[in-house]
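Subject: Structure handover

Hello,

Please find the structure below. My notes on the interface and the cavities follow.

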Amino acid sequence: MIFEPAVWAQPWMLEAAQWIAFIVIATGLAQTAFYVVLLAYAAAALSSRPPVPRSATQWRRYSDQAPPIAVIAPAFNEELTVVESVRSLLALHYPTFEVLLVNDGSKDRTLERVIDAFGLKRVGRFIDDSVSHATIRGFYANPELPRLLVIDKENGGKADALNAGINAARSSLFCAIDADSILEPDALLRVVRPFIDHPHLTIGVGGTIRIANGCIIDAGRVTKIRLPRNFLALVQIMEYLRAFLMARLALGQIQALTVISGAFGLFSRQRVVEVGGYSHGTVGEDMELVVKLHRHMRDQRLPYRIDFIAEPVCWTECPEDLRVLGRQRSRWQRGALECFAKHKDMCFNPRYGRIGFVGFGQVLLVDVIGPLVEVLGYILVPLLWAFELLALPWLLAFIAATFTFGIFVSALTLILEEAQLRRFPQARELAVLALIAVVENLGYRQLSNFWRLKGWWQFLRREQGWGAMSRKGFGGASV
Amino acid sequence: MALWNLSLFLCAVALGALVLILLARVLDERQEARRQGERRRLSPLLLGGVTDISVPPQGKVEQDAAAHVTLEMAELVRGPERQAVLANAERIGIPDILHQRSRSRNVQQRLLAAEALAMFPDHAPRVHELLRDPNPSVRLGAALALAQNQAAPPAAELVHGLGLGTRERSLLVASLMSDLVDVDPAAVIALLKDPGVSDAAKLAAMDALASSGLLEHAPLMAEMAQSAAGDLELLPRLYHALGRIGHPSGHSAILRGLADPAWQVRAAAAQAAGLNGLLEAAGRLGELLGDERWWVRFRAGEALWRLGPRGRDTLERVALAGPALARDAAKRTLEERTDA
């Protein structure tokens, strides 16, 4: 194939065009290669420690030695769902646990609803003051429900509420969750497994979050798994599969995990206290905590593990409209960038070993450079080809790097899911997701990168705040 | 162009594999009826509701269902009912199916097979072989299953063979020790005196002995607490064990622990003092209400409350006239305990 450049093109223009295309394609290929390596590690993780299929088996094996856990659930303006959420938490299957509901200065009747529903009374509680948080206004409990403590405090944000919960916790482990998420009944028993297998090493464990949109939910439990009908929710199921089943499971296996989702994470209380708890003033407090733990343990030269388990432990409702989803994705991008900027000295720093090279390398490639280069590619590569500054093979290589390899990675993730976990009950659902794995690369992927670019812009302007996250709630079947 | 062609080729291969997996799933869904049918056939048979001699599960799907349903039932029932389930399972050849599964490449299959086979006394030798499985979870699972069914090798052999406390640090080692204590406590006590056994394994053995309530181990633990000075992993667990046993021979060790330089030890000793009702510790516990570490203050407050009137008197006295930190700890402990 002979390339005839535009007659007006200067040699430097052709050279510059080729360099731009080369950078975009090389970044895309590096991402794909990294994903394929992650998939191999995820497969290894699943075969060396496959999920236990039955709760009864899980209970028989681990309940005798399962350490006590404090479940910390921050709640802000959740009067509609808080009572059902607490009921669902109190019904968890775990030998010894305490639910600490932290009312983070809600402006609605969240506190009153819980007090009324559970017959709570104001009580005293002698708590630690190791990590900082806004003033606590009071504690509420009912002697007949010894597993529940409600902490009422002034508003300070999610990180601040979690810190109050950490101070009030009396277990060596605490589990941070979102009050509006739904936990599997055996979630704690599943996620505690690394703490049982490696008690002297494990300091944090994350578990898989699944999307509840479309599922049948009854009394705070997912009773039937179904796919949603909303296209955006379907696409997010594929995204969560890639994020949790591929990336986090593999990074956990490599011991380079940089994020444990704020919706569900189990931590050693002592280690978290040592790093000062959750950081204030960031929207990526979950990622920041994990990075701080890595830094602390590496600085102290202490052996440790931060793990991830493939079993689904928590269900969450994902946004179904573009505006809310865009805001969420921009915020996630901003959180990753804030954390990267704050700890940039760890990146490729031999002192931090694999977390510096693999963990931060992934953040740099996927979160920092990735969206910038890809959006640049969407705009420039087709334009340069249209203006006859680039030959067709460059354009095809770009399409390969951003579209066909994307489909390849998604298909491999689905294959891994089906071969090892089989979490979708029917073949039809798997077929729908296979279709989504192809379609998402045509339009949605580009949109998602645009939102991430917006997150970049917000980061540069040092914008703060979470933005409103409207939810339909888990009151009934959400279709 | 090569890159483009490669991407198309890989994409086609991956999508092709996905189609194959989908077809496999469709076939599997069709087998579901057979699987359910076999479960329905076997359930009453295993529970002893059907007395006629039944045909063993034939196809792979049926055998799979049979193994699953046997395990589920064995997990659900206890005592004579469980023995009946196992006898019926043996009658229809379930152990042979489990033997096959114990050689599966899938780790979970092997582990489940080990746990199930250990329930059949005649098949314990195969579970003994699984103590040398390449996967640590299978090895430990096999040991636990054998110990639960009183078929485990001697404690020392297990400790050395599985590397308990060295290569294998799972908390399940404590469960294993508990089961071993039930059968042969002397063999577990011997571990405590064996210089070749790691501290972590000794700790698990001690926890098991403490939970068993066999009081004669307390002097040995008190002795160990003295010789383990400075060991921050060992000492707190020793004090927890002494707290659980509650034997007077551990009291002097607990009193010493209240003055240990390490806060983890002071906190564990304070808790043990409360559990033992150690009245002579009341004064020192009152001082610990002003400790720089919250865990020590908290445990001291709890222990004082457990000591009864004398401890509460100490709490009230400190709440009125102690140093600021101690006063706050005493006041909050009293508030919390009074509300409880």
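**The interface of chains A and B**

Across the interface of chain B and chain A there are 4 salt bridges, a salt bridge being a side-chain nitrogen of Lys or Arg within 4 Å of a carboxyl oxygen of Asp or Glu. This is a predicted model: local features need pLDDT of at least 70, side-chain atom pairs count only at pLDDT 80 or more, and totals for chains, interfaces and linings use all residues. Residues are numbered from 1 along each chain as its sequence is written, chains are lettered from A and ligands numbered from 1 in the order written, and side-chain values use heavy atoms, with hydrogens and water left out.

A:R61 and B:E115 meet through their side chains in a salt bridge, 2.7 Å from N to O. A:R170 forms a salt bridge with B:E336, with the closest N and O atoms 2.6 Å apart. A:R170 lies in the loop between α5 (158–168) and β6 (173–177) of chain A and B:E336 in helix α19 of chain B, so this pair joins two chains. Over all chains, the structure has 37 salt bridges.

In contact (heavy atoms within 4.5 Å) are 47 residues of chain B and 59 residues of chain A. Together the two chains bury about 4700 Å², 64% of it on carbon and sulfur atoms. Buried area here is the accessible area (1.4 Å probe) that two parts lose on being put together, summed over both. B:R25, B:L171 and B:W294 supply 15% of the area that chain B buries against chain A, more than any other three residues.

Which element gives the largest share of the side of chain B that touches chain A? It is α1(B), with 17 residues. Helices are DSSP runs (H or I, at least four residues), strands likewise (E, at least two), numbered from the N terminus. By class, that side of chain B has 25 nonpolar, 7 polar and 15 charged residues.

**Cavities**

The whole structure holds 6 cavities of 30 Å³ or more. A cavity is a set of points on a 1 Å grid over the protein atoms alone where a 1.4 Å probe fits but cannot get out; lining residues have an atom within 4 Å of a point. The largest cavity has about 150 Å³ of space. Of its 15 lining residues, A:R210, A:I211, A:I237, A:L241 and A:F424 are the closest to its centre. The largest share, 5 residues, comes from α8(A).

Best wishes

How values were computed
Ala, Val, Leu, Ile, Met, Phe, Trp, Tyr, Cys and Pro count as nonpolar, Asp, Glu, Lys and Arg as charged, and the others, Gly among them, as polar. On a 1 Å grid over the protein atoms alone, a cavity is a set of points where a 1.4 Å probe fits but cannot get out, and a pocket is an open set with protein on both sides within 12 Å along at least five of seven lines; lining residues have an atom within 4 Å of a point. Grid points are joined across faces, edges and corners, and a volume is the space filled by probe spheres set on the points.
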